[in-house]
Amino acid sequence: SESHLRQVRVFAETPEAFVEFYSKEFLDGYMEELRRKTENVRSKATAIWKAVIQDRHHIHLNATKWLTLTEFVKYIGKEGLAEVDVDDEGKWNVRFINRDPEVEKRKEALLKKEKMDQDDSERASQMVEKQIKQAQKILKERGLMPDAQKVAEANQELRREEGDKVSMGAIA
């Protein structure tokens, strides 16, 4: 038909531009499917490809710069768009790497908070240790240092099993 011949002539003038356009479209479609269906999950590359081609208006792999799905999967692995590996059967697996700046900020904030929590608990432990040593020093200076057996008994009294109730009373 006339329109087909016109499209062939336009393609013949700049084939690289068409191939690059379709390659980007295929890449975007594949990555969107990978992100939607399997974020943070290792999946077979062919399963994702099959989901991509379910769309009636998908871009065919043979319209791209990659001749095979294997070449494409190696490309997204090399570019750092996904984690790529081969299993024992020789099948390619992919896992989406989320590079969204908002997600990265949330991860950094969570790591920072965990580090601060850990630092706080370490500081509290160090403070308790310091207080224990100070108390022992004062007791020793006053000659009130208990023997080792009494210390072990006191430590045992302070320990409780998970779920045990703690009751307190005042000494008058």
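Me: Which residues does Asn93 touch, not counting residues up to four places away in sequence?
Reply: The model is a predicted one. In it, Asn93 has its place in strand E3, which spans residues 92-96. Not counting residues up to four places away in sequence, Asn93 touches Arg42, Ser43, Lys44, Ala45, Glu83, Val84, Asp85, Val86 and Asp87.

Me: Is Asn93 buried or exposed?
Reply: The relative accessible area of Asn93 is 3%. A residue counts as buried under 20%. Asn93 is therefore buried.

Me: What separates the C-alpha atoms of Val73 and Asn93?
Reply: Val73 lies in helix H4, residues 69-78, whereas Asn93 belongs to strand E3. Along the chain, Val73 and Asn93 are 20 residues apart. Their C-alpha atoms are separated by 8.5 Å.

Me: Which residues is Val73 in contact with, leaving aside its neighbours within four places in sequence?
Reply: Val73 counts as buried, because its relative accessibility is 1% and the limit for buried is under 20%. Leaving aside the neighbours within four places in sequence, the contacts of Val73 are Tyr30, Ala45, Val84, Trp92 and Val94.

Me: How are helices H2 and H3 oriented: roughly parallel or roughly perpendicular?
Reply: Helix H2 covers residues 15-38 and helix H3 covers residues 45-53; their axes come within 9 Å and cross at roughly 110 degrees. Angles from 65 to 115 degrees count as roughly perpendicular. H2 is therefore roughly perpendicular to H3.

Me: How do the residues of the contact of H2 with H3 divide into nonpolar, polar and charged?
Reply: On the H2 side, the contact is made by Phe26, Gly29, Tyr30, Glu33, Leu34, Lys37 and Thr38. H3 contributes Ala45, Ile48, Trp49, Ala51 and Val52. The residues of this contact divide into eight nonpolar, two polar and two charged.

Me: Which pattern does the protein follow along the sequence?
Reply: The protein has six helices and three strands. Read along the sequence, these follow the pattern α-α-β-α-α-β-β-α-α.

Terms used. Residues are numbered from 1 along each chain as its sequence is written. This is a predicted model: local features need pLDDT of at least 70, side-chain atom pairs count only at pLDDT 80 or more; totals for chains, interfaces and linings use all residues. Side-chain values use heavy atoms; hydrogens and water are left out. Helices (H or I, at least four residues) and strands (E, at least two) are DSSP runs, numbered from the N terminus. Axes are lines fitted to C-alpha atoms, for helices over the stretch in contact, and angles run from 0 to 180 degrees between N-to-C directions. Angles under 35 degrees count as roughly parallel, over 145 as roughly antiparallel, 65 to 115 as roughly perpendicular and the rest as oblique. Contact means heavy atoms within 4.5 Å. Ala, Val, Leu, Ile, Met, Phe, Trp, Tyr, Cys and Pro count as nonpolar, Asp, Glu, Lys and Arg as charged, and the others, Gly among them, as polar. Buried means under 20% relative accessible area, exposed over 50%, partly exposed in between (1.4 Å probe, protein chains only).
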